[in-house]
Amino acid sequence: MIEVVIGDVHARADLLCALLRTIGAVDSRGRRYGGFWVVQVGDLLDRNASPAANLATARLAARAMDVVLAGNHEAEMLAERGSVNGAALATLAGRGWPQAAAAVGGWLVTHAGVHPELTLALAPRAEDCVAEINDRWHRRPRNLVSDPLFDWVGGAKGGKAPYGGLFWRSEREWPPDGRTSWGQICGHAPQPRPRLLPGPRWLIDVGARASRLAALVRTSRGGAWSPVVVRLSASGVAVARTPRKKRVA
């Protein structure tokens, strides 16, 4: 099984399609190959994009991905009454998405990452932690700002909490010596390139609005992650790094 974690898409279905084709997860017609497990870290959609762009991206995700997580954009859309992006959200809901967290080979995947202080009451095993986080996400009252794990917004993002929750945490809010019992993969904070930081934490948002999209790929459980970055320009698709691909029909 080839494991794939994709960064923030921001309603760029063209970028998402180029990345999926680059890593070998779909064919030239967008049809999914077997042998892949694909997770996206949230901000698949974008509140500032057109409803048509969001719907096209949601439909592509529904065909080609296994899990889509909520980012701050999806969280805000879900909180809106009568959202103009209802069709895109319904497309995701038809697959049971968005979730708040996923586990990929022992790594915890969320949108902005879980601050070490918010992990104290969470399970030490990534898979158990995901079950707890998603249960809290689905049970929480939607009309109340009540759970620090989801609702806290720190000063770096204009809030009053000491640090942000898993939709809002700023990179500046991570303590210099912060560690968690599981490795983390997240997006939310644009980077020049995918980076592995102490914690350990992979940061894989490279700025879809700048026509760039990143993913982590690995071909064996417990193996090393290989970053892949695609960039679209008038001259076509440029690939910064690409791992070996194995297609399973």
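Me: How many bridges join strand E1 to strand E9?
Reply: Four bridges join strand E1 (residues 2-6) to strand E9 (residues 212-218), and the two strands run antiparallel. Strands here are DSSP runs of E with at least two residues, helices are runs of H or I with at least four, and both are numbered from the N terminus. This is a predicted model, in which local features need pLDDT of at least 70 and side-chain atom pairs count only at pLDDT 80 or more, while totals for chains, interfaces and linings use all residues. Residues are numbered from 1 along each chain as its sequence is written, and side-chain values use heavy atoms, with hydrogens and water left out.

Me: And which residue in E9 is the bridge partner of Glu-3?
Reply: The partner of Glu-3 in E9 is Arg-218.

Me: Which helix packs on that sheet?
Reply: Helix H1 (residues 13-22) packs on the sheet, where H1 touches E1, strand E2 (36-40), E9, strand E10 (226-233) and E11; contact means heavy atoms within 4.5 Å. The direction of H1 makes about 135 degrees with that of E10, with axes fitted to C-alpha atoms (for helices over the stretch in contact) and angles running from 0 to 180 degrees between N-to-C directions.

Me: What's the order of the six strands?
Reply: The open sheet runs E3-E2-E1-E9-E10-E11 with mixed pairing, two strands being paired if DSSP finds at least two bridges between them. Strand E3 (67-68) and strand E11 (236-239) stand at the edges with a single partner strand each, so one side of each has no neighbour in the sheet.

Me: What about the sheet of five strands, what order does that have?
Reply: That open sheet has the order E4-E5-E6-E8-E7, again with mixed pairing. E4 and E7 are at its edges, each with a single partner strand, so one side of each is left without a neighbour. The twist averages 25 degrees from one strand to the next. E7 and E8 run antiparallel and are joined by three bridges, and Leu-196 has Trp-202 in E8 as its bridge partner. Helix H5 (residues 126-139) lies across E4 and strand E5 (107-109), at about 25 degrees to E5.

Me: Which residues line the largest cavity?
Reply: The lining includes Ala-112, Arg-169, Glu-171, Cys-186 and His-188. A cavity is a set of points on a 1 Å grid over the protein atoms alone where a 1.4 Å probe fits but cannot get out, and lining residues have an atom within 4 Å of a point. About 30 Å³ of space lies in this cavity, the volume being the space filled by probe spheres set on the points.

Me: Where does pLDDT stay under 50?
Reply: It stays under 50 over residues 242-249, for which the model has 18 contacts beyond four places in sequence; pLDDT is the predictor's confidence in each residue, from 0 to 100. Where pLDDT is low, the predicted coordinates should not be read in detail. The chain averages 91, and 95% of the residues score at least 70. Among the elements, E11 has the lowest mean pLDDT (75) and E3 the highest (98).

How values were computed: 1 Å grid on protein atoms, 1.4 Å probe; cavity = no way out; pocket = protein on both sides within 12 Å on 5 of 7 lines; lining within 4 Å.
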